[in-house]
Amino acid sequence: MELSDRFLNLVQQHLSGFDAETQLECLVVYVAQARDGQAPCLEAVGQWPKDLERALPPVEADPDLRLPSPDRRWYPLQEGSILLGVLRAERSLSSQDWSESLDQRLQLTALGLAHSLGLELERARLLEQLNQQRDQISLMVHQLRNPLSALRTYAKLLLRRLGPESKHLPLVESLLSEQADLNKYVSALDQIGQSKLPQYSEITAPLLLPPVLNKASDITIRTLLMQ
């Protein structure tokens, strides 16, 4: 799954909150990624500090991570019974015990990251559904346009064969009118799901904050109500 830049920036903001923490050597956030025909892997998507020597490999590709260490702790990014990822913490002071305050802070960070990751997965799922719906609508519109175009062609050819006094003339003209209406509906259907965000110049919504008033002017509530 391709993660959004917004989520990756959020991960880095969470990790950057430990800049003043002297007990930690590094933090790494892993996300469970599915692989075709293979077991899911834990792929690194964020690390602290950012100036590490290299991009970290998945957990499965690093044999050192499989060995237990008193200086390493794993905090699951879990939603219900589903493991979405994990937060790995490495401390630098092996002679000391893990402080309770740091452990609680890491747990809260993992909880926040798990919630954000759950929302990211939901966003990706809804986006995939939206893209599938767009593809289905596009296919359906394409299949409808061809017979409608053929119907219009046949109706026009029929008009040429009918004389001006033919009693079938109103029927064929009504057929052309119905075809035009159906074509409008198909065009409207083609627009469903297409994003049309307004440009900044078109936004006319009022400001959230009132304008700064001139302190030199004598303005009262009565004056404002009379305007």
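In this predicted model, Leu-106 touches Phe-18, Leu-24, Leu-27, Tyr-75, Leu-87, Ala-89 and Trp-98, leaving out residues up to four places away in sequence. Leu-106 also belongs to the largest nonpolar core, which has 23 residues. Within that core, the members that touch the most others are Leu-24, Leu-27, Val-29, Leu-77, Leu-87 and Leu-106.

**The nonpolar cores**

Which elements each supply at least two residues of this core? They are helix H1 (5-16), strand S1 (24-35), strand S2 (38-48), strand S3 (72-79), strand S4 (82-91) and helix H2. The largest share, six residues, comes from H2. Another core lies apart from this one and has six residues, including Val-28, Tyr-30, Leu-65 and Val-86. As a general point, nonpolar side chains in soluble globular proteins tend to be buried together.

**Overall layout**

The protein has four helices and four strands. Along the sequence they follow the pattern α-β-β-β-β-α-α-α. Of its 227 residues, 27% count as buried. Among contacts with a separation of 6 or more, 58% are between residues 24 or more positions apart.

**Helix packing**

Two packed helices are described by the angle between their axes and the distance between the axes.

| Helix pair | Angle between axes | Distance between axes |
|---|---|---|
| H1 and H2 | about 180 degrees | 11 Å |
| H2 and H3 | about 160 degrees | 10 Å |

H2 covers residues 100-161, and H3 covers residues 169-190. An angle over 145 degrees counts as roughly antiparallel, and H2 is therefore roughly antiparallel to H3. The crossing of H2 and H3 is left-handed. By class, the contact of H2 with H3 has 16 nonpolar, four polar and five charged residues.

H1 and H2 pack at about 180 degrees, and so they too are roughly antiparallel to each other. Which residues make this contact? From H1 they are Arg-6, Phe-7, Leu-10, Val-11 and His-14, and from H2 they are Thr-109, Leu-113, Ser-116, Leu-117, Glu-120 and Arg-123. By class, the contact of H1 with H2 has five nonpolar, three polar and three charged residues.

Glu-25 is placed in strand S1. Setting aside neighbours within four places in sequence, Glu-25 is in contact with Trp-48, Pro-49, Glu-90, Arg-91 and Ser-92.

Two of those partners, Trp-48 and Pro-49, are joined by a peptide bond that is cis, with omega near 0 degrees. For context, most peptide bonds are trans. Pro-49 is located in the loop between S2 and S3.

**Residues of strand S3**

Arg-72 and Gln-78 are both found in strand S3. Is Arg-72 buried or exposed? Residues under 20% relative accessible area count as buried, and Arg-72, at 15% relative accessibility, therefore counts as buried. Not counting residues up to four places away in sequence, Arg-72 touches Asp-64, Leu-65, Leu-67, Arg-88, Ala-89, Glu-90 and Trp-98. Among these, Ala-89 and Trp-98 are also touched by Leu-106, and Glu-90 is also in contact with Glu-25. Leu-65 is a member of the core of six residues.

Gln-78 has a relative accessibility of 41% and counts as partly exposed. Beyond residues up to four places away in sequence, Gln-78 touches Leu-83, Leu-84 and Ala-114. Ala-114 is 36 residues from Gln-78 along the chain, and their C-alpha atoms are separated by 5.8 Å.

**The loop between S4 and H2**

Leu-93 lies in the loop between S4 and H2. With a relative accessible area of 36%, Leu-93 is partly exposed.

Notes. Residues numbered from 1 in each chain as written. Predicted model: local features only at pLDDT ≥ 70, side-chain atom pairs only at ≥ 80, totals over all residues. Heavy atoms only, no water. Axes fitted to C-alpha atoms, helices over the stretch in contact; angles between N-to-C directions. Parallel < 35°, antiparallel > 145°, perpendicular 65-115°, else oblique. Left-handed = near helix turned anticlockwise from the far one by under 90°. Nonpolar A, V, L, I, M, F, W, Y, C, P; charged D, E, K, R; others polar. Core = buried A, V, L, I, M, F, W, Y, C linked by side-chain atoms within 4.5 Å. Buried < 20%, exposed > 50% of the residue type's maximum accessible area, 1.4 Å probe, protein only. Contact = heavy atoms within 4.5 Å.
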